[in-house]
Amino acid sequence: MTVKKTGKKTFFIVVAFIALFAVISVLGIDKLYGDNRTTYVKGVDDIRLGIDIKGGVDVTFGPAGEFDANEDQLDSATEVIKTRLSSLGITDNEVYSDTKSDRIIVRFPWKVGETNFDPESAVKELGEMAELTFRKGTDTTTDADGNEVPSGEIVLVGDDIASARSAYIPTDDGKDYEYVVSLELNSSGKDKFAEATGELMGSSTPISIWMDNTLISAPTVNSTITDGKAQITGSFDADSSKKLADQINSGALPFKMETKSFRTISPTMGEGSLDAILLAALIAFIGIAVYMVFLYRLPGFVAVIALCGQVAGSIAAITGWFGFMNGSTLTIPGIAGIILAVGMGVDANIITGERIKEELRTGKSLDAAIKIAYKRAFSAILDGNITNVIIAVILMGAFGVPDSFFSKILNKTIFFAFGATAEGVVYSFGFTLLAGVICNFIFGVFASRLMVTSLSKFKCFKNRKLYGGDTK
């Protein structure tokens with residue numbers, strides 16, 4: 001769309017779009033049927049808050065001593081921790097490994113309303129070695145502490161497992177391929193497994209696989225296995241077969257994990273910080289709105305509308321509203337990134353407003369002044385925002401999880417010798433800054449230009465004083 005095609009209706013169309021977009025971004029769209037809630041578009045209430053706001057535990061594990069773990073061993077240890085978090089009822093967690101520093105980073109927030117959670121005991125339990133057992137059947141019983149524990153006869157333990165890996169092999173009829181988990185036993189496990197499979201072959205009793213007290217698989221026995229090599233089949237895909245292989249391998253981890261760093265954040269402290277930042281941001285936004293309208297009048301009023309759209313766009317990006325990019329956990333530095341991006345949006349509108357004033361003072365017509373001002377201001381706005389984009393990308397690459405898009409790129413280039421630190425709170429800053437800068441171009445530059453140009457078509461808004469010019 002060009003300036004020449006911008007008519008009077010354009011302003012109302014753009015404002016209606018921004019208003020609708022802001023309402024949906026903040027409130028979201030969901031449907032409540034009975035006790036089931038189906039979310040179509042996430043809103044503010046669906047934003048995942050970081051532990052610096054919500055409060056929680058941030059712990060880093062690593063091999064004890066000088067042991068140098070390889071990638072497979074770290075993947076297996078990661079699966080152990082994920083399984084244990086699930087068994088503790090902590091499903092809202094982040095667990096990932098950094099192979100360059102041999103670290104496993106674990107973060108999980110406080111449960112809502114929880115008052116007796118002992119984070120130090122939880123972290124100690126997470127770091128302990130897992131017990132892997134293969135048992136006859138899936139029977140369970142209750143121990144002295146009231147926990148449900150497996151009770152079937154033990155067939156194999158972790159030390160009996162040489163290796164487990166995901167494999168993609170032809171099916172029995174040879175017409176297709178399927179993912180399986182290939183299992184290889186040590187000499188200590190061959191005879192025991194041969195005896196158990198011989199006993200259970202053809203029966204409905206499976207050989208269940210347990211990680212501590214958590215059942216991770218229960219395959220049935222189709223044949224007697226005497227050579228110590230077995231395959232677990234099922235409805236596996238590449239991810240699920242690798243996950244099960246990692247879980248089985250974790251039962252024979254050759255290293256002991258120890259806590260490298262540990263910190264807890266009180267939810268009260270986090271919520272207090274969040275309230276203070278949001279109040280400060282609201283007051284600052286009102287002050288900016290008054291300042292922009294007072295100093296730049298009509299373009300200032302339009303700038304305030306554009307800033308509302310920019311903030312709504314940042315919220316939408318955080319919630320994962322856009323299909324082409326995932327959302328992000330919101331941390332206190334992430335809120336700072338939103339505020340900084342809003343500042344860049346204000347700066348863009350100030351540059352444009354000043355350019356309009358200057359062009360009007362040179363005697364140009366209102367239409368010409370607006371057109372030339374936006375054209376000449378764009379290069380300055382672009383330069384400033386590109387700088388922020390570069391900074392945001394570097395932060396997201398340096399402090400993101402190792403398998404994130406920017407980390408993969410930068411770890412193969414400028415960070416190849418250092419490794420990612422996976423500090424999520426800083427990643428959130430880069431994410432919100434990048435999202436805010438992109439929204440600034442959409443709303444602060446493109447939408448503002450449409451709105452100002454459209455308003456200038458109205459007779460009542462042709463007064464040059466409304467744009468900071470003289471009465472000529």
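The structure is a predicted model, in which local features need pLDDT of at least 70 and side-chain atom pairs count only at pLDDT 80 or more, while totals for chains, interfaces and linings use all residues. Residues are numbered from 1 along each chain as its sequence is written, and side-chain values use heavy atoms, with hydrogens and water left out.

The protein chain contains eleven helices and 15 strands. Here helices (H or I, at least four residues) and strands (E, at least two) are DSSP runs, numbered from the N terminus. The chain has 472 residues, of which 45% count as buried. Buried means under 20% relative accessible area, exposed means over 50%, and partly exposed lies in between, with a 1.4 Å probe and protein chains only. Among contacts in the chain with a separation of 6 or more, 69% are between residues 24 or more positions apart. A contact means heavy atoms within 4.5 Å.

Next come two helices that pack together. Two packed helices are described by the angle between their axes and the distance between the axes. Helix α8 covers residues 332-361 and helix α9 covers residues 366-399; they pack at an angle of about 150°, with the axes 8 Å apart. Axes are lines fitted to C-alpha atoms, for helices over the stretch in contact, and angles run from 0 to 180 degrees between N-to-C directions. Angles under 35 degrees count as roughly parallel, over 145 as roughly antiparallel, 65 to 115 as roughly perpendicular and the rest as oblique. The helices α8 and α9 are therefore roughly antiparallel to each other. Residues that make this contact include M344, A348 and I351 of α8, and L366, A369 and Y374 of α9. By class, the contact of α8 with α9 has 13 nonpolar, four polar and three charged residues. In this scheme Ala, Val, Leu, Ile, Met, Phe, Trp, Tyr, Cys and Pro count as nonpolar, Asp, Glu, Lys and Arg as charged, and the others, Gly among them, as polar.

Y374 counts as buried because its relative accessibility is 8%. Leaving aside neighbours within four places in sequence, Y374 is in contact with T352, I356, V445, S448, R449 and V452. Y374 and F446 are 72 residues apart in sequence, and their C-alpha atoms are 9.4 Å apart in space.

L126 is in helix α4 (residues 119-127) and counts as buried, because its relative accessibility is 0%. From L126 to K82 the C-alpha distance is 8.9 Å, although the two are 44 residues apart in sequence. F17 lies in helix α1 (residues 8-27) and counts as partly exposed, because its relative accessibility is 48%.

R297 belongs to helix α7 (residues 267-319) and is partly exposed at 40% relative accessibility. Most residues other than glycine have a negative phi. The phi of R297, a residue other than glycine, is positive, near 55°.

Finally, the cysteines. A search of the whole structure finds zero disulfides, a disulfide being a pair of cysteine sulfur atoms within 2.5 Å. C439 is buried, with a relative accessible area of 5%, whereas C460 counts as exposed at 55% relative accessibility.
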